[in-house]
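Subject: Structure for you to look at

Hi,

Here is the structure I promised to pass on. Please open it alongside this note and have a look while you read.

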Amino acid sequence: RDAVAALFALADRTAASPDAASARAASSAYECINEVVRASPADAAPLVGQLVQAALQKLAAALASAPATPDARARASDLVALLCGVLTVALQRLAGDDAGRAIAAPHADAVMEAVLAVLASAAADAGGGGPVEEALLTAGALSYVAGPRFAAYLPAFTPRLVAALANVAEWQACQVAVGVLGDAARAVDAALAPHADAVMAALLATLQNPAARREVKPLILSAFGDVALALGGGFGPYVGHVIPVLASAAALAASTAAAAPPDDDDAIEYVDMLRHGVCEAYSGLFNGLSPPAGTAPDPALAAALAAAAPAALDFCADVASRADGAD
């Protein structure tokens, strides 16, 4: 407790200073707080809960400030991102067991309110970058703490998430948003259904957007699998859109692998990312849409999966043959 209090005091003294050395000191202080939290023993969970409350108070003050100059606004933006980072680490620490989640639960509403305030502020300023990415990561950590109760936040959070998914200009925030969608889908399962049209439309649009960074696209393929597992049979309306996309991604992986020189590490890494995304998407599709044991299959879904099976098997065979060749 004393160490964290001293680090907060150091950060408070240096965060508002205009010189670069003070800014680095404030950033280092917050990073040190994060490391203290990560290394804290199990019986420190109540103190981590107090840290969540303290970080929320500081974040509210930072959001309420009205910086007058561009430099001051940049420093305030950095501070917001750092405080969101503290919240993320603290929630991740508390999500590890039932006792920690019980300590975090009373703060859940306030955490989501803070996340939404950060995202709204960034949207109003036409900004992005650190605060958006860190706020989204905080929401992802909250989903692990809240579990199925995270569904209560989806009506307010989904529009902000969709905006980040669609914002290919801020590709790092877009990349984080794809991962957070997966976190949310695993937390709420079928409760994602009312928001599925919006998130699937955003994923498909970004995947097909030529301006989107290629690093994001394999993650979107994996996200299809996460959404399919969450929705189960409710994913049926999207199968017809997703199956051709997976076939195209598998073909791109095969053609890129065939054309890449053996020493082109970037191409090889991208092929591996594509294959991983396609594998996770097919796995989510076949597991999510399979009927529970003892339940009759939906004829339309069964037909869709049967139609997809040959392409999935061809993909698996291609990957296996290339792996054999590499050996």
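Below is what turned up, starting with the aromatic rings and ending with a pair of helices. Please keep in mind that this is a predicted model.

**Aromatic rings**

A pair of aromatic rings is described by how far apart the centres are and by the angle of the planes. In this model the count comes to five aromatic pairs. One of them joins Tyr282 and Phe286, with 6.1 Å centre to centre and 25° between the planes. That pair is stacked, because planes under 30 degrees apart count as such. Both residues sit in helix α13 (residues 265-289), and being four residues apart there, they are separated by about one helical turn. Tyr282 is buried, at 5% relative accessibility, whereas Phe286 is partly exposed, at 26%.

Tyr282 also pairs with Phe315: the ring centres are 6.3 Å apart and the planes are at 45°, so this pair is tilted. Tyr282 belongs to helix α13 and Phe315 to helix α14 (residues 299-326), so the pair ties together parts that are 33 residues apart in sequence. Phe315 is buried, with a relative accessible area of 5%.

Elsewhere, Phe150, Tyr153 and Phe157 are linked into a cluster by ring pairs.

**Charges over rings**

Two arginines are worth a look here. Arg213 lies over the face of Trp171, and its distance from the ring centre is 4.1 Å. Arg214 has its charged end over the ring of Tyr270, 4.2 Å from the centre of that ring.

**A helix pair**

Two packed helices are described by the angle between their axes and the distance between the axes. Helix α3 (residues 45-64) packs with helix α4 (residues 70-94) at an angle of about 160°, and the axes are 9 Å apart. Because angles over 145 degrees count as roughly antiparallel, that is how α3 runs relative to α4. The crossing of α3 past α4 is left-handed.

Which residues of α3 meet α4? Among them are Val48, Leu51, Val52, Ala55, Leu56, Leu59 and Leu63. On the α4 side, the residues they meet include Leu79, Val80, Leu83, Cys84, Leu87 and Ala90.

Best wishes

Technical notes: Residues are numbered from 1 along each chain as its sequence is written. This is a predicted model: local features need pLDDT of at least 70, side-chain atom pairs count only at pLDDT 80 or more; totals for chains, interfaces and linings use all residues. Side-chain values use heavy atoms; hydrogens and water are left out. Rings of Phe, Tyr and Trp (its six-membered ring) pair if their centres lie within 6.5 Å; planes under 30 degrees apart count as stacked, over 60 as edge-to-face and the rest as tilted. Helices (H or I, at least four residues) and strands (E, at least two) are DSSP runs, numbered from the N terminus. Buried means under 20% relative accessible area, exposed over 50%, partly exposed in between (1.4 Å probe, protein chains only). A charge sits over a ring if NZ of Lys or CZ of Arg is within 6 Å of the ring centre and within 35 degrees of the ring normal. Axes are lines fitted to C-alpha atoms, for helices over the stretch in contact, and angles run from 0 to 180 degrees between N-to-C directions. Angles under 35 degrees count as roughly parallel, over 145 as roughly antiparallel, 65 to 115 as roughly perpendicular and the rest as oblique. A crossing is left-handed if the near helix is turned anticlockwise from the far one by less than a right angle, and right-handed if clockwise. Contact means heavy atoms within 4.5 Å.
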